[in-house]
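Open the model in a viewer and keep the selection panel at hand. The stops below are meant to be taken in order.

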Amino acid sequence: MTHCTDEELTLYYYGEGRRRAAIARHLDTCAPCAALYREITDTLGLMAAPDEPVRDDQYGFEVWRRLQKDHRFEGFERFSRFGGFEWLRRVAAFGTFERFAGSGRFAGLATAAGLAALVVVAFLAGHAWRTSDVASTNVTNASNQSNTSNPANHSNLANHSNPENRILLASVADHLDRSERVLTDIMNAPAKSNISMEQQWAEDLLQTSRLYRQDAVDANETSVAAVLDDLERNLIEIVHSPSTISAADLEQLRRRIDAAALLFKVRVMSDELRRREEPPAGRALPQTSTRTIS
Amino acid sequence: MDASEATAVLARAREGDSDAFRVLVEQHSRSVFRLAYRMTGNEQDAEDVVQESFLRAYRQLGRFESRANFGTWLYRIAANCSVDLMRAKQARHDMTRAESLDETGEHLSADTPTPERLAVSDEIQRRVAHALDALSPLERAAFTLRHYEGRSIDEISRTLDLGVSAAKHSVFRAVKKLRVALEPLRSHQL
């Protein structure tokens, strides 16, 4: 057998390659090849796996939280709430395109048709939106002119004077009050206690919180959305903790709540919303918009 | 989570259920981090790879074939994200890296370590890390998959979407460069 190449010996080291038996026999008898192989094994022997930083059981959840904060993911998350591309495929499959959508050859054509339909719908929706927007702006302006002499507060006052908005503000305030009670229970729970009741409660609140937060984001109510976001993260922590919670886990939960000053924020926001839900007559209203939670 | 539960979660995630996707994230984050750290050798880079991998996975979930293994699919995404990140870093720091490689070469030959220093594993690790940093992104990825992850050449070619020959030669080039870079350490160990 001729001498072994570097490549052959590298593959041999990793248990791969052909002629393995022949190479093994050759290494027993050929000093230069044996020396070369020793060089390779010595080098690769130095390449111990690096010590990886430890990631605990909570790591997956931390990654999820980071993803939720990532604006690129947020877009997908919202998009997927409406069924992602599924509805578009349905549009494409509708009517005369249905028979094409099933066949691979025409699937692209069907999707293109779906996209064209989407453009038309978007155009019509945009047109309708502008029309209604102009109309509502006129109504709001008229209402503001009759209600106040302060132009800066026009839209706020219009919203405050809307009973539906005030009810919704009250709903968010109630939601914050209920959340505060769960958080307080957790802060005062004894170690190794069963928190399944609080978890169930937190889970119910979590669903509502998400809806309110999304509405707050849509309405550009950043401070309300921020508090609800903090609250949501902590509620998720509570929901995902073991029901019979250890002292260490409980301490970790409390530290997170403390670190976010969550109880304080929830109380302050609840008070703020209660003030805002009051009718505008007789006092100046805060500057922040309240056309928010809808 | 048993196989039927995993299939159900995956199906929900593919339909756009973000809660189901969260389950997948929580299940696979640590293994993705471990691979990313081995690939990049840097904690912050590894975190970036984890984030990017899950974003890509979410975006491409519609293309994922349910018969395939999600973990294997995600592993491929993470490996390729690592290569992309290393390439981007390399492009940004090409000049700096070229200079530091020159310095490394001088350092390794001029500053011959004493046996006492070699005994310190930190020093060995530092030099090994330096040698790995000097590899090209693809060489490093292929070497990591072969050496640390125990993947065969065929698996490496599938993971990195390379031909078998290209995967094999990436490993060979990496080993050759490491032999040169770590020669001073090796000769003192003998």
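This is a predicted model: local features need pLDDT of at least 70, side-chain atom pairs count only at pLDDT 80 or more; totals for chains, interfaces and linings use all residues.

**Stop 1: a helix pair in chain A**

Select residues 6-13 of chain A, which form helix 1, together with residues 31-46, which form helix 3. Their axes come within 10 Å and cross at roughly 50°. Angles from 65 to 115 degrees count as roughly perpendicular and those under 35 degrees as roughly parallel, so helix 1 of chain A and helix 3 of chain A are oblique to each other. The crossing of these two helices is right-handed. Now show side chains: helix 1 of chain A contributes A:Leu9, A:Thr10 and A:Tyr13 to the contact, and helix 3 of chain A contributes A:Leu36, A:Tyr37, A:Ile40, A:Thr41 and A:Leu44. Six of the contact residues are nonpolar, two are polar and none is charged.

**Stop 2: where chain B touches chain A**

Next, select both sides of the contact: 33 residues from chain A and 38 residues from chain B. On the chain B side, the elements that give two or more residues are helix 2 (18-40), helix 3 (43-60), helix 7 (121-133), helix 8 (137-148), helix 10 and helix 11 (183-189). Start with helix 2 of chain B, which gives the most, eleven residues. Coloured by residue class, the chain B side shows 17 nonpolar, ten polar and eleven charged residues.

**Stop 3: the nonpolar cores**

Which residues touch the most other members of the largest nonpolar core? Select B:Ala36, B:Val50, B:Ala78, B:Ala79 and B:Ala142, out of 51 residues in that core. Helix 4 of chain B (residues 70-92) supplies the largest share of this core, ten residues. Centre on B:Ala79: leaving aside residues up to four places away in sequence, B:Ala79 touches B:Leu35, B:Met39, B:Ala141, B:Leu145, B:Thr159 and B:Leu160. Another core, of 27 residues, lies apart from the largest one, and among its members are A:Leu176, A:Leu183, A:Ile195 and A:Leu262.

**Stop 4: two loop residues with positive phi**

Go to A:Arg19, in the loop between helix 1 and helix 2 (20-29) of chain A. Phi of A:Arg19 is near 55°, a positive value in a residue other than glycine. Is A:Arg19 buried or partly exposed? A:Arg19 has 14 other C-beta atoms within 10 Å and is therefore partly exposed.

Finish at B:Asp161, in the loop between helix 9 (153-159) and helix 10 (164-181) of chain B. Phi of B:Asp161 is near 55°, again positive in a residue that is not glycine. B:Asp161 counts as exposed because it has 12 C-beta neighbours inside 10 Å.

Terms used
Residues are numbered from 1 along each chain as its sequence is written. Chains are lettered from A and ligands numbered from 1 in the order in which they are written. Axes are lines fitted to C-alpha atoms, for helices over the stretch in contact, and angles run from 0 to 180 degrees between N-to-C directions. Helices (H or I, at least four residues) and strands (E, at least two) are DSSP runs, numbered from the N terminus. Angles under 35 degrees count as roughly parallel, over 145 as roughly antiparallel, 65 to 115 as roughly perpendicular and the rest as oblique. A crossing is left-handed if the near helix is turned anticlockwise from the far one by less than a right angle, and right-handed if clockwise. Two residues are in contact if their C-beta atoms, placed from the backbone, lie within 7 Å. Ala, Val, Leu, Ile, Met, Phe, Trp, Tyr, Cys and Pro count as nonpolar, Asp, Glu, Lys and Arg as charged, and the others, Gly among them, as polar. A residue is buried if 20 or more other C-beta atoms lie within 10 Å of its own, exposed if 12 or fewer, and partly exposed in between; C-beta atoms are placed from the backbone. A nonpolar core is a set of buried Ala, Val, Leu, Ile, Met, Phe, Trp, Tyr and Cys residues joined through C-beta atoms within 7 Å.
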